[in-house]
Amino acid sequence: MSALHKHVVSSPTSLVVDALHGVASTNPAATVDDQHKVLYLSEPDRSRVALISGGGAGHEPAHAGFVGQGMLTAAVCGDVFASPNANQVKRALKLVENEKGTLMVVKSYTGDILNFGLAREQYCAANPSKIHSLKFVIVGDDVSVGKQQGEIVGRRGLAGTVLVYKIAGALAQQGGSLDEVHGIAQFVADRLGTIAVGLEHCHVPGSEVVGSHLKDDEIEVGMGIHNEPGHSRVSPVPPLSDLVDRLLGYLFATPQTDADRAFLPWPEKGISGSCVLLVNNLGGLSTLELSSVANTVGAKVQEAGVTVERMLVGTYMTSLNMPGFSITLLLLPQQGDGAITKDRILQLLDAPAKTPAWTWTSTSPPKKSDPKPSHSNDGELGQAGTGNNAPVSEQFTESIRRACNALIQAEPEITCMDQIAGDGDCGTTLKTGAEAVLDALSKPGFASSGAVGAIGQIGGIVGDAMGGTSGALYSSIYLSALAQGLQSASASGSTEPTRGQYADAANFALERLYTYTRARPPSRTLVDPLSAFIESLKDPDVRLDQAFEAAHRAAENTKSLPARAGRAAYVNVEAVKAHPALHAYLHITPYDYTTLRIPILVMHTIARASSFGPLSSGSGALAYPYHHQPASFGATHKSLSEPCTPSEPSSPLSTAGTGPSVPPTPMRTPSGSQVPPARGCLKEPTKEFVTKAEPAEAQSQPPVPPPGRHAPGARQRPKMKLERVPTSAIARIQMSEGVEPHMVTEGGNGINPGARGKCKERVPTPYVKSDKASWLSDGEE
């Protein structure tokens, strides 16, 4: 369900008045009439024409946000999406009485027209001398509903109404007569067109919560501002460029292209037109997206041959928290269209206004979109690194490609994790960097620069593509420093660096990294596993797969460390621990765990893919088992002493075409005997299932459940109180340890044909401390 139903309010019944006082607190010239919900200028200039408007609440900043010098004199506010009544409007008319008259600007909705019209008639009946000093303008700028369908109700009033406020208000501020102000307001209203699109409907505070109105892949075109359905739905959601083309098709309609929606008097073909463009946030669209929409719309309008004289982008008239936007075009008059000229309208639009919501006007046309060609790295790829330029092997390139593809495939999982303890961008950032590296692999300059040059190229590519903390850590600092450290190997004339040179360069890069961060192991950051990997790499007797195993152990150990650095330091620890998505990672924060993969994966795959063959660890070159691959994201790492279940591959990230599968070497004791695997859950019991009353030597074996308390020879109840973990908890423990439950099909299993819902093998039941007074045997749930 969408989160749009959540609101921050004191009370839905007092929300409107509270909001009016909030607006008044930012506008010292305004006062609120609580009883009638009118926000008005306390001391208006009564020698000038007054403008009033209003409507239901929920469209903020319209209308109260536009009360101020140069725009509205008063705004009348109804309840959410409900028109104010006639008495409220009459009160506003009374508050703004002046010598030159009042213009009422009303959006084209039945309730608004009826209540403002009734107030006008009653006011004139009570004040006969005011009959000719009260004018009325109805604004209907919606173009989504055709002329035939809207023949009776007319076009709805949308965001274009704000332009009427601004232009007519500026003329009133300059001393224009009531007829002049009314005339230009009507002229502008007749040349407005607006089309809106929504990603979802909004929710009214205090109303019943309902499910989503639109499917995940749907948008609605032709939205109003009162949560009513739009004209049509589009699925799947089109790219922004295609969506804007569709929306502009409504606005650019002519009698020849769409007579039913030809509301604007566009000039004949071959005659260029000009307009004012307003891109409006309907309430719930991010500013980032709105700016992107504005850029696309501006470019499309220019491409259509229409000159954009002014461009306004922001939040002007909303529908509460609706995620969506509207496009408004004000068609400016051509030369000879009448007494009101284009220059006059632009002059009034550019005039200053002192209101909370109308903050700025550019006073000049927007710059035409003329993007300069970006500088490509194509010519620089072959220049990275110094020394020999022996091309890298195909195996080297393919290994880098596999590593990048692994990161791209893991993006959804990483993003989900990072939303818990971070800002949710880790997965997309890593994916962007990986895609940039993949793109570089296809360019000839990459393959011709050698392994050392390739590392430097990857650092620069990742830094340009990723940015942020990740880009700085991986490229500008670590990978760049790693490339610097390997320059000596390139200068010596060797085809590939030796293991010792890789280790020295990695240590050099880590020291450089330390100059830019205070994190030192143990710190629950990526330096914990990275440091462990490098320390192991420096030992010539440690294989590379064992160094990677050490990095995994260091990462796992961060689960018991308090967060002191990185984004995890800002997060509620208990909230992170309680989240089930982190269960398989044993509460390793996503930023801490996943981000170590880039530096280690790059070193790991580059070293394995080097053109020299595997040598002994003491030869000075890097020995690397061809079958070994880094573990996939989200998979619990297994030590070499542990067997895999049938559902688990022996190589965690094995893929087709990576070479023969060689089983890992089992671990042995100092006497030479092989270490047997743990029974039951196939893992050593975790610390939480070992009680203090058990002897130390018993902690290496899983606890065996005792027989029933009535069975002959049953052992005495220990002094502590224990309780058997429920079956569902056992299943969760097995899953966390990498053991998939063996589900039984109809007919039972091989051991007990009549069994139902049991495992194929007996799994010892873990016991934990309890306040129960007895042991529980298998039949005593």
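Helices (H or I, at least four residues) and strands (E, at least two) are DSSP runs, numbered from the N terminus. The model on display is predicted: local features need pLDDT of at least 70 and side-chain atom pairs count only at pLDDT 80 or more, while totals for chains, interfaces and linings use all residues. Residues are numbered from 1 along each chain as its sequence is written, and side-chain values use heavy atoms, with hydrogens and water left out.

**The whole chain**

Of the 781 residues, 48% are buried, where buried means under 20% relative accessible area, exposed over 50% and partly exposed in between, with a 1.4 Å probe and protein chains only. Among the contacts in the chain with a separation of 6 or more, 73% are between residues 24 or more positions apart; a contact means heavy atoms within 4.5 Å.

Select residues 30-33, strand β1, together with residues 38-41, strand β2. The two strands run antiparallel and are joined by 4 bridges; strands count as paired if DSSP finds at least two bridges between them. A30 stands opposite L41 in β2. Together β1 and β2 form a hairpin with 4 residues between them.

Now select K37, in the loop between β1 and β2. Its phi is near 55°, a positive value in a residue other than glycine. Most residues other than glycine have a negative phi, and most peptide bonds are trans.

Return to β2 and show its side chains. In a regular strand the side chains alternate between the two faces of the sheet. In β2, V38 and Y40 lie on one side and L39 and L41 on the other, and all of these are buried, so that both faces are covered.

Then move to the loop between β3 (50-57) and β4, where P61 lies. A cis peptide bond joins E60 and P61, with omega of about 15°.

**The six-stranded sheet**

Next, display strands β7 to β12. In what order do the 6 strands of the open sheet lie? The order is β9-β8-β7-β12-β10-β11, and the pairing is mixed. At the edges are β9 (232-234) and β11 (306-314), each of which pairs on one side only. From one strand to the next the twist averages 20°.

Select strand β10 (residues 273-281) with β11. These pair in the parallel sense over 8 bridges, and L277 stands opposite M311 in β11.

N227 is found in the loop between β8 and β9. Although N227 is not a glycine, it has a positive phi of about 70°. Its relative accessibility is 19%, so N227 counts as buried. P236 lies in the loop between β9 and α6, and the peptide bond from S235 to P236 is cis, with omega near -5°.

**Helices across the sheet**

Axes are lines fitted to C-alpha atoms, for helices over the stretch in contact, and angles run from 0 to 180 degrees between N-to-C directions.

**The crossing of α4 and α8**

Select helix α4 (residues 161-173) and helix α8 (residues 342-350). Their axes come within 8 Å and cross at roughly 95°. The two helices are therefore roughly perpendicular to each other, a term for angles of 65 to 115 degrees; under 35 counts as roughly parallel, over 145 as roughly antiparallel and the rest as oblique. Show the side chains of L163, K166, I167, A170 and L171 in α4, which meet R344, I345, L348 and L349 in α8. The residues of this contact divide into 7 nonpolar, no polar and 2 charged. Here Ala, Val, Leu, Ile, Met, Phe, Trp, Tyr, Cys and Pro count as nonpolar, Asp, Glu, Lys and Arg as charged, and the others, Gly among them, as polar.

**Helix α18**

Finish at residues 544-557, helix α18. Of its 14 residues, 11 are buried, so the helix is largely enclosed by the rest of the structure. Among the buried residues are F548, H552, D545, E549 and E556.
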